[in-house]
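Here's a walk through one model, from its charged pairs to its sheet, cores and rings. Keep the viewer open and follow along.

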Amino acid sequence: MLRRLVLLAVCSLLPQLAFAQDWVGDYSREFQAGIDSLTAGRYDEGIASFERCIELNPSPDATCAYNIACGYSLKKELDPAFEWLGKAAAWGFGNSDGNIDHAKRDTDLANLRADPRFEAFIAEMTRIRAELEAYWSVPEVYVPESLAESEAMPLLVVLHEVGGTKTGVLERWMPVADALGSALIAPSGKHTVGGAPSAGMSWFDDPNAYGQRYWTYEKTVNDAVSAFKKEHGVDRERVFLAGEGQGGLVAFNVAIAGPGLYKGALVVNGGVHLELAQKKAANAGKMGFRASLLAVEGGIPGLPDGLTVEALLTGAARQLGTWGLAGVQTAVLPAGTERTALQAR
């Protein structure tokens, strides 16, 4: 079975907060109950717990599908085990690093390995993984006609939110790029939300893992910018990074880590990983790095009682200022006014 609990939590603008939707607490308890039951040999109880997790989770849950298959394998019920392995593969179980190798050696699946359907399961996950890598390795790029002959064009890099796609970013941000007279790059996160990339992507599926190895999750961003520079002249003084939701958190961290490359960051309805920012804020401030934290009314769900969006933004800006990144702008915008505000910033 897979013991890792995967939740798409929204990392907060404040150090120790994490926002999650109402179902997450019940999901976490049920997930752990499933692990405990399978470990204790109560296979039917474990299967039932993971089925409840799937009911709670609004997105296809490949990890729970895989664990249900483990339960049936341990019961030596091969047909339902392979049925759930098929769902796990289709929902993107093999897309997370290490999961294919885990499935190959997982003792819970020992009863399935002599069946040719097991090799077909591994082959299907490998095929889906290859298609995913082909997707996230190539960003969407837009260069306005007015910049076609430019020797040094401004560049705007925008990261999608959880459940968003690079194509969706391009569609929404092209008018902003036109208004700014800027080229636009939309990289992709590596993690699927619903199996196929078209169902949505995310930048990370484990906030703790992101904090520990953020550079592995951010590689597609800097790779996309480097590839663009090989083909186009770029105005080095006008390269900016923006992001929506979870993409905003990643965008801020990428930009503040490279203030010589990115001159500023714009976070829209997203967060700042303050633990990571603390180590980089002073140097970025000395280099004239600029940052804006924006939220559309109602755009950050799940705030704790008594904490307003305004307080969240200003608190983060104040904390960044104490570390040397002064002048961080904040604003809460009425719905429908985002585009004008984005162009202004």
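## Salt bridges

A salt bridge here is a side-chain nitrogen of Lys or Arg within 4 Å of a carboxyl oxygen of Asp or Glu. For exposure, buried means under 20% relative accessible area, exposed over 50% and partly exposed in between, using a 1.4 Å probe and protein chains only. Asp 115 counts as buried because its relative accessibility is 16%, while Arg 117 is partly exposed at 34%.

Before going further, some housekeeping. This is a predicted model, where local features need pLDDT of at least 70 and side-chain atom pairs count only at pLDDT 80 or more, though totals for chains, interfaces and linings use all residues. Residues are numbered from 1 along each chain as its sequence is written, and side-chain values use heavy atoms, with hydrogens and water left out.

The salt-bridge count comes to 13. One of them joins Glu 77 and Lys 75 at 3.2 Å, N to O; Glu 77 is partly exposed at 31% relative accessible area, and so is Lys 75 at 26%. Those two also belong to a salt-bridge network with Asp 44. Then there's Glu 83 with Lys 87, whose closest N and O atoms are 4.0 Å apart. Both sit in helix α4 (residues 78-90), and being four residues apart puts about one helical turn between them. Glu 83 is partly exposed at 48%, and Lys 87 is partly exposed at 28%.

## The sheet

Helices (H or I, at least four residues) and strands (E, at least two) are DSSP runs numbered from the N terminus, and two strands pair if DSSP finds at least two bridges between them. Seven strands make up an open sheet with mixed pairing, in the order β3-β5-β4-β8-β9-β10-β11. At the edges stand β3 (140-142) and β11 (329-333); each has a single partner strand, so one side of each lacks a neighbour in the sheet. From one strand to the next, the twist averages 15 degrees. Angles run from 0 to 180 degrees between N-to-C directions, and axes are lines fitted to C-alpha atoms, for helices over the stretch in contact.

Look at β10 (residues 290-296) and you'll find it pairing in the parallel sense with β9 (residues 264-268) over five bridges. Ala 265 stands opposite Ala 291 in β10. Five bridges also join β10 to β11, again parallel, and Ala 295 stands opposite Val 332 in β11. Six of the seven residues of β10 are buried.

## Helices on the sheet

Contact means heavy atoms within 4.5 Å. Helix α9 (residues 214-231) lies across β3, β4 (153-159), β5 (183-186) and β8 (234-244), at about 155 degrees to β4. Helix α13 (residues 309-322) also packs on the sheet, where it touches β10 and β11; its direction makes about 170 degrees with that of β11.

## Two cores

A nonpolar core is a set of buried Ala, Val, Leu, Ile, Met, Phe, Trp, Tyr and Cys residues joined through side-chain atoms within 4.5 Å. The largest one has 49 residues, and Leu 155, Leu 241, Phe 252 and Leu 325 touch the most other members. Its largest share, seven residues, comes from helix α10 (residues 246-257). A second, separate core holds 35 residues, among them Met 1, Leu 2, Tyr 27 and Ala 88.

Leu 325 has contacts beyond four places in sequence with residues including Phe 252, Ile 256, Ala 281 and Phe 289. Over in helix α3 (residues 62-74) you'll find Asn 67, which counts as buried at 0% relative accessibility. Beyond four places in sequence, Asn 67 touches Met 1, Leu 2, Phe 31, Ile 35, Leu 38 and Phe 50.

## Aromatic pairs

Rings of Phe, Tyr and Trp (its six-membered ring) pair if their centres lie within 6.5 Å; planes under 30 degrees apart count as stacked, over 60 as edge-to-face and the rest as tilted. The whole structure has nine such pairs. Tyr 66 and Phe 93 are stacked, at 4.2 Å centre to centre and 5 degrees between the planes. Tyr 66 lies in helix α3 and Phe 93 in the loop between α4 and α5 (99-105), so the pair ties together parts 27 residues apart in sequence. Both residues, Tyr 66 and Phe 93, are buried.

Phe 118 and Phe 121 make a tilted pair, because their planes are at 55 degrees, with ring centres 6.0 Å apart. Both lie in helix α6 (residues 116-136), three residues apart, and both Phe 118 and Phe 121 are buried. Finally, Tyr 27, Phe 31 and Phe 50 form one aromatic cluster.
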